[in-house]
Amino acid sequence: YTGKTGFELITEKIKKYKVHEFQQIPIIVKESTSVYDAISTMFLEDVGTLFVVNENTYLTGILSRKDLLRASIGQKDLNAIAVHIIMTRMPNITVCRKDDLLLDVANKLINKQIDGLPVVKDTENGLLVIGRVTKTTITRAFVELTNEKAI
Ligand code: ADP
């Protein structure tokens with residue numbers, strides 16, 4: 001018996017969870033993608049956040065559901081407007097890396113009041129998007145806590 005309280009054991013487990021164990025596949029669109037096609041992609045891929053990359057595949061922006069709703073209001077032709085006009089752009093994008101603690105990402109989601117963020121890989125020329133962490137990812141990790149057997 002370790003003498004640890006249940007609280008300490010759970011805290012220990014949570015602090016072991018890394019981004020790469022839970023990250024999901026990122027859904028990516030190009031800057032030239034129309035608002036119409038971005039909305040279609042969101043439905044087809046069943047995600048709430050899209051990442052936008054430039055022609056060299058580096059991260060340049062992020063699109064939420066409300067970004068696309070806002071752009072759609074009073075807009076006649078959603079094919080005529082490209083997502084790079086309406087996206088939230090670099091450097092104002094909150095990112096994480098595969099070795100980050102999932103708990104630190106959860107704190108970012110709360111503090112920045114966002115639904116998700118990209119997992120990125122740093123390169124000399126920019127950030128490559130390799131994954132996605134969302135509120136759902138955090139919920140899955142929460143459920144996982146109860147699946148693990150006590151030692
Ligand atoms: P919604 O806008 O649908 O409620 P979010 O809360 O995720 O979804 O997004 C709120 C705003 O923050 C949007 O304008 C979106 O572009 C922006 N945003 C979303 N994720 C990030 C992020 N990781 N970094 C910076 N801005 C973000």
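Helices here are DSSP runs of H or I with at least four residues, strands are runs of E with at least two, and both are numbered from the N terminus. This is a predicted model, where local features need pLDDT of at least 70 and side-chain atom pairs count only at pLDDT 80 or more, while totals for chains, interfaces and linings use all residues. Residues are numbered from 1 along each chain as its sequence is written, and side-chain values use heavy atoms, leaving out hydrogens and water.

**Stop one: the shell around the ligand.**

**Stop two: the ligand's oxygens.** Now show side chains and look for polar contacts (N or O pairs within 3.5 Å). A polar side-chain atom of Thr88 sits 2.6 Å from a ligand oxygen. For Ser64, a side-chain N or O atom is 2.7 Å from an oxygen of the ligand, and for Lys66 the distance from a polar side-chain atom to a ligand oxygen is 3.0 Å. On its own the ligand has 540 Å² of accessible area (Shrake-Rupley, 1.4 Å probe), and the protein covers 84% of that.

**Stop three: Thr137.** Select helix H7 (residues 135–147) and pick out Thr137. Why does Thr137 count as buried? Because its relative accessibility is 0%, and buried means under 20% (1.4 Å probe, protein chains only). Leaving aside residues up to four places away in sequence, Thr137 touches Phe22, Gln24 and Arg132, with contact meaning heavy atoms within 4.5 Å.

Key. Buried means under 20% relative accessible area, exposed over 50%, partly exposed in between (1.4 Å probe, protein chains only). A polar contact is a pair of N or O atoms within 3.5 Å; within protein, one must be able to donate a hydrogen and the other to accept it, and residues adjacent in sequence count only if both atoms are side-chain atoms.
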